[in-house]
2 protein chains.
Amino acid sequence: MSPTRITKVFITPVAFADPPLLNAVGVHEPFALRSIIEVETTDGVIGLGESYGDAAHLARLHAVAAALIGVDVFSTSRMLDVTAATLGGAVGTDGHGLTGQISSVGTVLRTFAAFEVAALDVQGKLLARPVSDLLGGAVRESVPFSAYLFYKWASHPGGASDRFGAALDPSGIVDQARWMVETFGFGALKLKGGVFVPEEEMAAIFALRDAFPALALRLDPNTAWSVATSIDVARRLEGVLEYLEDPTPGLTGMAAVARETPTPLATNMCVVGFEDVAPAVALGSVSVILSDHHYWGGLRKVSALAAICDTFDLGLSMHSNSHLGISLAAMTHVAASVPNLTYALDTHWPWKDEDVIEDGVLTFRDGAIDVPTSPGLGVELDRDALARLHERYLACGITDRNDTRYMRSIDPSYDGGLPRW
Amino acid sequence: MSPTRITKVFITPVAFADPPLLNAVGVHEPFALRSIIEVETTDGVIGLGESYGDAAHLARLHAVAAALIGVDVFSTSRMLDVTAATLGGAVGTDGHGLTGQISSVGTVLRTFAAFEVAALDVQGKLLARPVSDLLGGAVRESVPFSAYLFYKWASHPGGASDRFGAALDPSGIVDQARWMVETFGFGALKLKGGVFVPEEEMAAIFALRDAFPALALRLDPNTAWSVATSIDVARRLEGVLEYLEDPTPGLTGMAAVARETPTPLATNMCVVGFEDVAPAVALGSVSVILSDHHYWGGLRKVSALAAICDTFDLGLSMHSNSHLGISLAAMTHVAASVPNLTYALDTHWPWKDEDVIEDGVLTFRDGAIDVPTSPGLGVELDRDALARLHERYLACGITDRNDTRYMRSIDPSYDGGLPRW
């Protein structure tokens, strides 16, 4: 048979409105950036990918895209080699300040991931099978997601109040959770913490527990706490949380906390690449790893991570940044195919109003999304929407995400250093 | 799209002539057994698999085959679930006495593996792509194999001398190696040890080193040695072996040896399933794992094992039992797709005269086999040969391999207990 070679790659940066969601290093800017990747092949089939949208990442995507022309979309290993050769040891930053500098390996994997997803979309379309079937087949028909609760202001400074309103105390968080649960049916609630003093955030967790006694709860302070504070909070929330995510920085700090509490510790900050797994296992730093195909290196790498977690008795969940529908489809396919991805996935989905894909495929029901069964990822670009969000990107003036910089533009005294408490 | 469901499964036991190859627990019987699996689907496409041929394993294959009717060949995860449900905790034995009882998980995986390979063969044929492309694409065009040297008699008792002749001392092993290297071009030599006292086998290794100074050498005594003997031999062979395989039994014993020598230790005996990996890592028992899709649970599981080895800085090689061409094709495809499978693979291939596949696809050149590029596994059944080897199975009277029993039929005083020295 003849190879299905990449003939063209289109990379379209887009921006979509994002509410003022607070986190440990600042606040979300008015627009979130993403890149939409289209990989066209000799068979005329186009595959879709979605990735980060900051300028440095876009430059890397463009460089790699040029080098991928002529490569067979079935040789994803070759695509990875080409990506590594093209980037040649370049390092990046995470674009939001929460995880700091990215290693050269990590930079390669997060650049490659967007193309891998597009390649699998092409493969699935050629075979007339959903992407989950390229990963061993779906082991579940729908994939559960978690509500992602945020402290937030009612509006960006100078703007009108958004439809979500403010959430700056326990009752605001409970109200937000109620809306999320009523609208999407979520069975798990994650609170993004690290914003207020731990006592305040614990109060929010207890309020959630009282309001939603049947739902699983998570708290993610994004390393805002010292080891001592983390141990104290973990103990006081024993039996309340399904996991506590990244209370404190580093594998050693997390291990020190883990030794002192039965509350499971999860991470998307101290284990962000395969090179972090062995030290984390040796130290006993975490019991749950949050996968994310965008930075672990694509869907097959998430499958590999899942096998590692299964082998080393680690739980597996999934991290999310602000994203659009192509990513949601990719997340859903890989999650559907992983037997041991048993925690509901994180998603920022409820916080946006618009998308680049055609409506109708990805719909929440009881907090879950049915795994698309049409060929490939199962989603199609809405080209008018893509053009609109690209115009928004050009107009918004944001070229790289920086939550701390934005917060300081509002509050010049804001520190942002971690850990804080 | 509609699923590609399994409509029929044919399982044909076959036997092929096997020389009297000596190992730590006895000697190969005159015939080696295998099972040839054909999986037919609603699309009319037939996929091939190959597995063990002992009676208990055949019974498990038949039970699972019946349960797999109607399952989609793209849902290999579902096929695994069906296998596990059908076998319901059954345990098996390895059929040759070298690794003892197989866990229920291992029994499921070694039954499933044959069907997984056949399912991937179907998938590849439907997509008109080689199986390696279903695993991320070949990262090498040819896959290197190692010579597998055996001490052996000139003939089975009462039989005529075979074409290989006797090899019962260093010069016999060197002659055998020379024939292997001249015929197949191997760049690595593995000696199956555990047959004679360690001094004798070390002498053979030194003779190989002198005769083939450029080739990589391996010694596999199949746990015939105590920890003290293993440490002594490992030290005396430092710098001579690329690895020493399973010198002594158990994760703890291997770890005790590993602590005392820089010679890399490899295993296909103390790490034979995913449940063994974490303890092996914790103890530092081994630095090379020998994969084998037949018992690790298929090609995708070998890919997962490879990712684990890469993550935990373990080397990866590949184990072989006596096998035919379907297995060789499967081994070649997965090895081609694994970036970090850098050791030449074991194979018993040179020790047989016949096969069930059509000639021409799998040919050794410079010790390597070109990765088949035609759809699926790239091999086709020779139905006349299949019928002939099945007749041989029916006529030979062997229904389960037992090297120790056969040795005792020749030498009633043979012990076979391990470790021996």
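In this predicted model, Arg236(A) and Asp232(A) are joined by a salt bridge whose closest N and O atoms lie 3.0 Å apart. Both residues belong to helix H7 (residues 227–236) of chain A, where they are four residues apart, about one turn of the helix. Arg236(A) counts as partly exposed, with a relative accessibility of 37%. Asp232(A) is likewise partly exposed, its relative accessible area being 36%. In general, side chains of opposite charge can pair when their charged atoms come close.

Helix H7 of chain A also holds Arg235(A). The side chain of this arginine meets that of Glu260(A) in a salt bridge of 3.0 Å, N to O. This pair links distant parts of the chain, since Glu260(A) lies in the loop between helix H8 (251–258) and strand E13 (265–267) of chain A, 25 residues apart from Arg235(A).

In chain B, Asp210(B) forms a salt bridge with Arg209(B), with 3.1 Å between the closest N and O atoms. Asp210(B) counts as exposed because its relative accessibility of 56% lies over 50%. Arg209(B), at 34%, is partly exposed.

| Residue | Relative accessibility | Class |
|---|---|---|
| Glu260(A) | 37% | partly exposed |
| Arg235(A) | 42% | partly exposed |
| Asp210(B) | 56% | exposed |
| Arg209(B) | 34% | partly exposed |

Salt bridges can also share partners: Lys190(A), Lys192(A), Arg218(A), Asp220(A), Glu242(A), Glu245(A) and Asp346(A) are joined in this way into one network. Over all chains, a search of the whole structure finds 48 salt bridges.

Notes
Residues are numbered from 1 along each chain as its sequence is written. Chains are lettered from A and ligands numbered from 1 in the order in which they are written. This is a predicted model: local features need pLDDT of at least 70, side-chain atom pairs count only at pLDDT 80 or more; totals for chains, interfaces and linings use all residues. Side-chain values use heavy atoms; hydrogens and water are left out. A salt bridge is a side-chain nitrogen of Lys or Arg within 4 Å of a carboxyl oxygen of Asp or Glu. Helices (H or I, at least four residues) and strands (E, at least two) are DSSP runs, numbered from the N terminus. Buried means under 20% relative accessible area, exposed over 50%, partly exposed in between (1.4 Å probe, protein chains only).
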